[in-house]
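Subject: Structure handover

Hello,

Here is the structure I promised you. Please open it alongside this email, and then read on for what turned up.

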Amino acid sequence: MIDPKNNIDAVMDIAIAGDSIAKVAANIDPSTAAKVINANGLYVTPGLIDIHTHNFMGTTPNRYLNNSYDAVAPDGFTFRCGVTTVVDAGSSGWRNFEQFNEQTIKHSKTRVLAFINIVGGGMRGGAFEQDLTDMDTKMTALTIRQYRNLIVGIKVAHYEGPEWTPVDRAVAAGKLMDKPVMIDFGGSNPPLSLEELFMQHLRPGDIFTHAYAQVRGRMSIIDENGKLRPFVLEARKKGIFFDVGHGGASFSYAQALPAIKAGFFPNTISTDIHTGSMNGAMKDQLNVMSKFLNMGMDMPALIKSVTSEAAKCIKHEELGNLSVHGVADIAILNIEKGKFGFTDNTGFKQDGTQKLVCELTIRAGKVVYDLNGIANSK
Ligand SMILES: [Zn+2]
């Protein structure tokens, strides 16, 4: 059992009663249980949290990830990866969060939380995401106030231009509601200063997603000589969270390998899942985690990045742990040994010897995924 929040990395038993964790101990008498699951040789962890997903699925044409075809229904890909909580990263804005809540959040067995986009219309793609007149601090803050338990923060994404307006309005809404902002740093020609973003515009607790991206128009954390830019460490010291947000083209080994070599691991690992990324180099949360496992991140650190650290990042610290009385969201994982290949969108391939697989997932005390039937008694 690996439970980073409670500093547990040991062979343990867990008892579940109803939807909660009743007891954690080295030995719990199996005869006291109605059902026993033997997880011998496997890793038992808190249910995984993916803080960057796109789940506002719908049937409106030409709307990219906003009530449209490229967004995916959470239950279709979460439980098979041990994920029990997803955080939609700005697919909806204040104009359509209610619809997102009605058609996705309320109908998902997965716990779905959300960053709302600073753009009122959400992640509609193209020109709509460039409209500064639709970036409303007050309406964004008021919508967060109305859905305080579901909305964890504000997303800025895809803005192409030299203005700091989208970032500053999101941070202003974040200040009003005491919520973090998540930044997908768009693009500009010439690129805006990443140092200015971290040190002047963002606050401690704000999140920089696509941390290992190398894309045109955006400054990357590794410089032209393969060195980690010094202000990145300053930003981490300040309290900025660095999130993977793999996506279709937002994770590059040319960034990740030197960053990891310099000891710069991510705070949180996340997918940025949509139909594009999941059929590309990203695939799913366990595949992204496996990339970091093969780059040298150890299991306790890896699990922390998708449980307690992710929970801290979204200010939901009741999640991502196996504390007694907490909700029984649990993942049982295995590490397969063999020859595996991991890619990015540049054509690069890294060979690996380990791959994470989900054996079983429990959401609120119920088995919701069981690869090899280890919960079945006959
Ligand atoms: Zn995204």
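Start at Gly41, which lies in the loop between β4 and β5. Keep in mind throughout that this is a predicted model. Is Gly41 buried or exposed? Its relative accessibility is 63%, so Gly41 counts as exposed. Gly41 and Ile16 are 25 residues apart along the chain, and their C-alpha atoms are separated by 20 Å.

The sheets

An open sheet of four strands has the order β5-β13-β14-β15, with antiparallel pairing. β5 (43–46) and β15 (366–370) are at the edges, and each has a single partner strand, so one side of each has no neighbour in the sheet. On average, neighbouring strands here are turned by 40 degrees against each other, direction ignored. β14 covers residues 349–363 and pairs with β15 over four bridges, in the antiparallel sense. In β15, Tyr369 is the residue opposite Thr361. Helix α8, residues 285–294, packs on this sheet. The helix touches β13 (330–343) and β14, and its direction makes about 135 degrees with that of β14.

Ile116 stands opposite Ile154 in β9.

The zinc site

Which residues coordinate the zinc ion? They are His52 (NE2), His54 (NE2) and Asp272 (OD), at 2.1 to 2.4 Å. In sequence the donors are spaced H-x1-H-x217-D. His54 and Asp272 link distant parts of the chain, 218 residues apart. His54 is in the loop between β6 and β7, while Asp272 is in the loop between α6 (253–261) and α7 (275–278). His54 has a relative accessible area of 1%, so it is buried. Asp272 is also buried, with a value of 7%.

Aromatic rings

A search of the whole structure gives 14 aromatic pairs. One of them joins Phe56 and Phe100. Their ring centres are 5.1 Å apart and their planes lie at 50 degrees, so this pair is tilted. Why does the pair tie together parts that are 44 residues apart in sequence? Because Phe56 lies in the loop between β6 (48–53) and β7 (83–93), whereas Phe100 lies in helix α1 (residues 97–103). Phe56 is buried, with a relative accessible area of 0%. Phe100 is buried as well, at 0% relative accessibility.

Phe251 and Tyr253 also form an aromatic pair, and this one is edge-to-face. The distance is 5.1 Å centre to centre, with 80 degrees between the planes. Both residues are buried.

Ring pairs link Phe198, Phe208, Phe231, Phe242 and Phe264. Phe264 has a charged residue over its face: Arg236, at 4.0 Å from the ring centre. Likewise, the charged end of Arg124 sits over the ring of Phe128, 3.6 Å from its centre.

One more arginine

Arg169 is in helix α3, residues 165–177. At 31% relative accessibility, Arg169 counts as partly exposed, because that class covers values between 20% and 50%. What does Arg169 touch, not counting residues up to four places away in sequence? Its contacts are Ile118, Leu132, Met135 and Thr137. Glu129 is 40 residues from Arg169 along the chain, and the C-alpha atoms of the two are separated by 14 Å.

Best wishes

Note on methods: Residues are numbered from 1 along each chain as its sequence is written. This is a predicted model: local features need pLDDT of at least 70, side-chain atom pairs count only at pLDDT 80 or more; totals for chains, interfaces and linings use all residues. Side-chain values use heavy atoms; hydrogens and water are left out. Rings of Phe, Tyr and Trp (its six-membered ring) pair if their centres lie within 6.5 Å; planes under 30 degrees apart count as stacked, over 60 as edge-to-face and the rest as tilted. Helices (H or I, at least four residues) and strands (E, at least two) are DSSP runs, numbered from the N terminus. Buried means under 20% relative accessible area, exposed over 50%, partly exposed in between (1.4 Å probe, protein chains only). A charge sits over a ring if NZ of Lys or CZ of Arg is within 6 Å of the ring centre and within 35 degrees of the ring normal. Donors are N, O and S atoms within 2.8 Å of the metal (3.2 Å for Na, K and Ca); water is not among the atoms, so sites may look incomplete. Two strands pair if DSSP finds at least two bridges between them. Axes are lines fitted to C-alpha atoms, for helices over the stretch in contact, and angles run from 0 to 180 degrees between N-to-C directions. Contact means heavy atoms within 4.5 Å.
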